[in-house]
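Subject: Structure handover

Hello,

Here is the structure I said I would pass on.

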Amino acid sequence: TVLIKLTGTVTELMIPDLMETILDVLVPAGDKSGILIHGGWMLLCAAGCLVFNILANRMSAISSGKITLKIRHDLFQKLESLSARQMDELTVSSAESRLTSDTYNINQMLARIQRMGIRAPILLVGGMFMMLRMDAPLALVLICLLPIIAVVVYFVTKHSLPLYTKQQSVLDNVVRTVQENITGIRVIKALSKTAYEKKRFHTVNEQLTAIDQKAGTITAITNPTASLTLNLGLTLVVVIGAFRVNSGECEPGVIVAFLQYFTMILNAMLGITRIFTLCAKGVASANRIAEVLDTPEEMQPNFLVLIGENAQHAKVLRLKVNEEVLVCDGAGREALCRIQQTGDWELSVMELRESTTEAAVRVSVFVAFPKADKLEHVIQKATELGAYEIVAFPSARCVSRPDDKSLKKKLERWQKIAAS
């Protein structure tokens with residue numbers, strides 16, 4: 001890709017030079033055959049530039065797609081190896097946005113770097129070299145303007161990178177809000193929480209929009225500033241060049257060639273500024289993906305010791321030495337263990353794995369406070385059936401209305417019943 005892009009860019013740079021030769025040398029000499037030959041070379045260079053750029057762009061799209069495919073595969077494989085606790089810290093919505101939008105940003109960054117990231121610097125350096133070869137004083141006008149554009153690009157990149165990182169984090173919140181809304185749509189409808197969910201989504205959506213607008217406002221500075229600076233330089237070149245042509249220090253064909261080189265350099269600088277914008281997004285996304293890929297795997301214990309209520313459960317069940325038991329940590333993992341001692345309840349871990357006993361769908365049970373201790377029976381049976389959460393609430397027709405003090409004690413008992 002680099003070699004093909006280099007060849008295509010060099011052929012493009014040759015066109016103004018050939019035109020300058022025609023205007024300043026061949027036309028005054030009346031050399032018609034030379035004009036036709038150089039015109040043919042210009043056509044050949046234009047065709048070569050077109051073909052080489054198409055081939056290079058096609059190859060860059062293929063290579064960036066393959067790299068993104070590998071990144072997405074490694075990220076998915078890493079997510080599969082995370083424990084339930086690590087996944088809870090990361091959140092499912094964040095994992096999804098890293099697999100989709102973050103990898104897309106990286107794909108765009110890689111593709112643009114291979115396209116404009118190679119072509120634009122060659123056009124910039126090559127164009128300056130050709131102008132210096134033709135007329136050094138006029139070329140110095142452009143060279144003096146380049147630091148202004150460099151400062152603007154540095155400022156935009158420095159301030160936009162943190163914003164794009166924050167934008168991806170807020171996008172995680174938007175994805176999570178939508179997921180929760182879709183998952184619990186029936187409960188939301190049943191409890192008339194539609195307005196609340198709309199307000200909740202509106203809040204995170206406004207946050208995402210505000211950050212996107214702020215980042216866009218900063219990055220929008222680059223193109224107008226680069227265009228203004230280079231167009232001012234172009235104006236200076238025309239004015240200074242007119243005086244130099246009038247004094248016989250420069251040929252008219254050089255001014256025409258300079259205009260074309262300035263146009264090439266302008267497009268190259270605008271391409272470079274767009275690359276920096278995409279790089280800011282791509283680097284932010286790459287850092288988020290690297291956080292997941294660099295997450296260390298949790299150490300697997302060789303022994304477990306049951307204490308407190310867990311030890312009491314084992315005693316009540318009259319478990320014996322060498323019996324196999326399945327121990328859950330309440331965070332999505334389970335361990336197949338063998339009992340080594342019954343007094344201290346020491347267990348050797350045979351296999352540590354992700355829990356497969358949890359239901360694929362998270363079911364939330366909402367129940368109004370019943371009379372007496374009937375809620376304990378509801379909690380016990382709902383837990384046995386695989387309920388993800390149980391929400392007790394006082395409805396308009398509830399007879400039982402525990403106060404805060406008694407509710408705190410009952411809550412502890414209900415949690416013990418669910419855990420047991």
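A term first: a polar contact here is a pair of N or O atoms within 3.5 Å, and within protein one of the two must be able to donate a hydrogen and the other to accept it. Please also keep in mind that this is a predicted model.

Glu 197

The term is needed for Glu 197, whose side chain is joined to that of Asn 181 by a polar contact of 3.4 Å. Glu 197 sits in helix 7, which covers residues 194–219. Is Glu 197 buried or exposed? Its relative accessibility is 10%, and buried means under 20%, so Glu 197 counts as buried. Setting aside residues up to four places away in sequence, Glu 197 touches Asn 181 and Ile 188.

Overall form

The chain is made up of twelve helices and six strands. Its radius of gyration is 34 Å, whereas a compact globule of 420 residues would come out near 22 Å. Along the principal axes, the C-alpha trace spans about 110 × 55 × 30 Å. Of the 420 residues, 36% are buried. Taking the contacts between residues at least 6 apart in sequence, 73% join residues at least 24 apart.

Nonpolar cores

In soluble globular proteins, nonpolar side chains tend to be buried together. In this model the largest nonpolar core has 36 residues. The residues with the most contacts inside that core are Leu 124, Met 131, Leu 142, Phe 258, Tyr 261, Ile 265 and Met 269. Which elements give two or more residues to this core? They are helix 4 (92–134), helix 5 (136–183), helix 8 (222–246) and helix 9 (252–293). Helix 9 gives the most, with 15 residues.

Leu 236

Leu 236 is in helix 8. With a relative accessible area of 43%, Leu 236 is partly exposed. Leaving aside neighbours within four places in sequence, Leu 236 is in contact with Val 141 and Gly 241. Val 141 is 95 residues away from Leu 236 along the chain, yet their C-alpha atoms are separated by 7.5 Å.

Helix 1

Helix 1 runs over residues 2–29, 28 residues in total. From its first C-alpha to its last it reaches 40 Å, close to the 40 Å expected at 1.5 Å a residue. Where is the kink in helix 1 centred? The kink, of about 35°, is centred on Ile 22. After helix 1 comes Gly 30, with a positive phi near 70°.

Asn 322

Most residues other than glycine have a negative phi, and most peptide bonds are trans. Asn 322 has a positive phi, near 75°. Asn 322 is placed in the loop between helix 10 (308–316) and strand 2 (324–328). At 52% relative accessibility, with exposed meaning over 50%, Asn 322 counts as exposed.

Regards

Terms used: Residues numbered from 1 in each chain as written. Predicted model: local features only at pLDDT ≥ 70, side-chain atom pairs only at ≥ 80, totals over all residues. Heavy atoms only, no water. Core = buried A, V, L, I, M, F, W, Y, C linked by side-chain atoms within 4.5 Å. Buried < 20%, exposed > 50% of the residue type's maximum accessible area, 1.4 Å probe, protein only. Helix = DSSP H or I, 4+ residues; strand = E, 2+ residues; numbered from the N terminus. Contact = heavy atoms within 4.5 Å. Expected span 1.5 Å × (residues − 1). Bend = angle between axes of the 7 residues up to and from the residue. Rg over C-alpha atoms; globule rule 2.2 N^0.38 Å.
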